[in-house]
Amino acid sequence: MKTVLNVIWLVLSGFWLFLAYLLAGVLLCVTIIGIPFGIAAFRIGLYALWPFGYTTVDRPDAGAPSCVGNVLWLVLAGWWLALAHIATGIALCVTIIGIPFGIANFKLIPVSLLPLGREIVRTDEPFAAR
C-alpha cells in the first residue's frame, strides 16, 4: 500500500517538491557555511519524494548548534519550502482522493521549517534512533 501511495504522491506533488528541495540544496551548497544546510535540504528532499512509510523523530544528541542552525535555515530556505507545502497541501485537499496527500504535505511542514536535530526513519522503527 505504501508503494501505491508513494507512486501517486510522486505524480501529484512529490517530484515538484523534490525539485524545490534540490534547488534549495544546490543554492545553499554554494558557500562553505551553507553546506550543512544543503545536505539537510537533500535529505528532506528525498523524504519529500517518498514520504509514505517514513517519519521523523527528534535526535536526542542534537544540541545548541542545531537550534542556531534551525534559525538560520528558517530565514534562508525554511519558510519558502513550508509555503510550497502549504500551497500544494491545500490544492491536494480540494478533492476527496487528494486529502491523504494533502495531509502528508502538512506533515512535512514542521521538518521543512526546522530540519536540524531531526532524523528520518521508517515508520516501523520510530524509536530505533533513541
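How are H1 and H3 oriented to each other, roughly parallel or roughly antiparallel? I opened my notes with this point, keeping in mind that the model is predicted.

Entry 1, the helix pair. I looked up helix H1 (residues 2–28) and helix H3 (residues 64–92), and found that they pack at an angle of about 170°, with their axes 11 Å apart. Angles over 145 degrees count as roughly antiparallel, and H1 and H3 are therefore roughly antiparallel to each other. On the H1 side I noted that the contact is made by Leu12, Ser13, Leu17, Ala20, Tyr21, Ala24 and Leu28, while H3 contributes Trp73, Leu76, Ala77, Leu81, Ala84, His85, Thr88 and Leu92. Sorting the contact by class, I have twelve nonpolar residues, three polar ones and no charged ones.

I then turned to Ser13, which lies in helix H1 and which, at 3% relative accessibility, counts as buried. Leaving out residues up to four places away in sequence, I found that Ser13 touches Thr88, Leu92 and Asn105.

Among the buried residues of H1 I listed Asn6, Trp9, Gly14, Phe18 and Gly25, along with Ser13. The buried residues of H1 pack against helix H2 (35–49), H3 and helix H4 (99–113).

Definitions and conventions: Residues numbered from 1 in each chain as written. Predicted model: local features only at pLDDT ≥ 70, side-chain atom pairs only at ≥ 80, totals over all residues. Heavy atoms only, no water. Axes fitted to C-alpha atoms, helices over the stretch in contact; angles between N-to-C directions. Helix = DSSP H or I, 4+ residues; strand = E, 2+ residues; numbered from the N terminus. Parallel < 35°, antiparallel > 145°, perpendicular 65-115°, else oblique. Contact = heavy atoms within 4.5 Å. Nonpolar A, V, L, I, M, F, W, Y, C, P; charged D, E, K, R; others polar. Buried < 20%, exposed > 50% of the residue type's maximum accessible area, 1.4 Å probe, protein only.
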